[in-house]
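Hello,

Here is the structure I promised to pass on to you. Have a look at it first, and then read on for what turned up.

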Amino acid sequence: MKKLRVHVLQHSDGTPPGTVVDWLKARGHDFKVVQLHKGDALPMVGETDWLIVLGGAMNLDDVAQFPFLTAEKGFLREALGARKTCLGLCLGGQMLAQILGGQVKKHAHWEVGWHAVHLGTGPDSRLMVFQWHEDTFDIPPGGVLVAANSITPNQAFAYGENIIGVQFHPEATEEWVRECAADKDYPTGPHVQAADQVLEGLVFLVPMKKWFFTLLERMEAVAVRNSSRADTR
């Protein structure tokens with residue numbers, strides 16, 4: 001397997017890369033977690049094969065308070081134009097959707113805790129995933145819906161073979177879920193699970209992680225193929 005250059009874009013201490021790092025270490029790729037909120041510089045587009053864009057507590061348009069968002073959006077536009085492989089998680093998925101022409105807006109309610117999403121129509125299409133979001137995205141023009149539920153119809157999309165945006169948090173670890181459950185600004189609403197219910201849902205971590213690692217392996221294959229093509233030009 002070709003060793004890839006992977007950059008993980010982080011927006012806040014409260015939204016860590018989680019199991020993304022475990023998987024990248026196990027696969028032996030060269031990776032860097034770029035902590036944008038701490039002033040880390042974005043790479044040059046030519047220096048990366050795969051971008052993984054994490055979540056964050058901010059809104060996509062909070063550019064006055066978080067000016068790095070403007071530079072990040074410009075960088076991602078350039079990366080998508082260069083056909084880099086990109087995976088967006090929660091805020092990252094919203095950012096990819098917006099850049100590709102979809103609308104990102106405040107949802108009618110929070111979605112917090114363990115909620116099922118449907119991935120296709122087969123017998124194994126239902127997956128319990130960890131949710132923590134107030135905003136939602138439209139599927140961008142040319143994108144394909146790949147996950148949905150009745151609370152948030154647009155849970156994930158694919159755009160071509162190299163771009164995937166996800167609204168939920170498949171990268172969640174037990175430590176992070178426990179931190180979320182103890183959040184001093186815990187959300188409220190009809191689709192917000194109580195903290196004790198969130199902790200009971202930790203049993204869903206293993207199947208969610210299995211699904212996520214399978215997704216990463218599929219995107220890895222695309223990134224390797226695209227990177228190898230670039231090397232031969």
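**A histidine in the sheet**

His7 sits in strand S1, which spans residues 5-10. Please keep in mind throughout that this is a predicted model. Is His7 buried or exposed? With a relative accessibility of 10%, His7 counts as buried, because the cut-off for that class is under 20%. Setting aside neighbours within four places in sequence, His7 is in contact with Lys32, Val34, Pro43, Glu47, Thr48, Trp50, Leu51 and Ile52.

One of those partners, Ile52, is worth a look of its own. Not counting residues up to four places away in sequence, Ile52 touches Val6, His7, Val8, Leu9, Val20, Leu87 and Leu89.

**The sheet**

S1 belongs to an open sheet of seven strands with mixed pairing, in the order S2-S1-S3-S4-S9-S8-S7. The edges are S2 (30-35) and S7 (144-147), each of which pairs on one side only. On average, neighbouring strands here are turned by 15° against each other, direction ignored.

Going through some of the pairs:

- S3 (residues 50-53) and S4 run parallel and share four bridges; Trp50 has Thr85 in S4 as its bridge partner.
- S8 and S9 are antiparallel and joined by four bridges, with Ala158 partnered by Ile164 in S9.
- S7 and S8 are antiparallel too, over three bridges, and Leu145 stands opposite Phe157 in S8.

S8 and S9 also make a hairpin with three residues between them, and Gly160 in the turn has a positive phi of about 65°.

**Two helices on the sheet**

H2 lies across S1, S3, S4 and S9 (163-166), and runs at about 145° to S3. H3 lies across S3, S4, S8 (156-159) and S9, at about 125° to S4.

How do these helices meet, and at what angle do they pack? H2 (residues 68-81) and H3 (residues 91-99) pack at about 65°, their axes 10 Å apart. Their crossing is right-handed. On the H2 side the contact is made by Leu69, Glu72, Lys73, Leu76, Arg77 and Leu80, and on the H3 side by Met95, Leu96, Gln98 and Ile99. Sorted by class, that contact holds six nonpolar, one polar and three charged residues.

Beyond residues up to four places away in sequence, Lys73 touches Leu60, Asp61, Met95, Gln98 and Ile99. The C-alpha atoms of Lys73 and Leu60 are separated by 9.5 Å, with the two residues 13 apart along the chain.

Nonpolar side chains tend to be buried together in soluble globular proteins. In this model, the largest nonpolar core has 43 residues, and those touching the most other members are Trp50, Ile52, Leu87, Leu89, Trp114, Phe130 and Phe212. Helix H6 (residues 205-231) gives the most to this core, with nine residues. There is also a second, separate core of 25 residues, with Leu9, Leu80, Ala97 and Phe137 among them.

Helix H1 (residues 19-27) has buried residues as well: Thr19, Val20, Val21, Trp23 and Leu24.

**Positive phi values**

Arg83 has a phi near 60° and lies in the loop between H2 and S4 (85-89). Cys90 has a phi near 55° and is found in the loop between S4 and H3.

Best wishes

Definitions and conventions
Residues are numbered from 1 along each chain as its sequence is written. This is a predicted model: local features need pLDDT of at least 70, side-chain atom pairs count only at pLDDT 80 or more; totals for chains, interfaces and linings use all residues. Side-chain values use heavy atoms; hydrogens and water are left out. Axes are lines fitted to C-alpha atoms, for helices over the stretch in contact, and angles run from 0 to 180 degrees between N-to-C directions. A crossing is left-handed if the near helix is turned anticlockwise from the far one by less than a right angle, and right-handed if clockwise. Contact means heavy atoms within 4.5 Å. Ala, Val, Leu, Ile, Met, Phe, Trp, Tyr, Cys and Pro count as nonpolar, Asp, Glu, Lys and Arg as charged, and the others, Gly among them, as polar. A nonpolar core is a set of buried Ala, Val, Leu, Ile, Met, Phe, Trp, Tyr and Cys residues joined through side-chain atoms within 4.5 Å. Buried means under 20% relative accessible area, exposed over 50%, partly exposed in between (1.4 Å probe, protein chains only). Two strands pair if DSSP finds at least two bridges between them.
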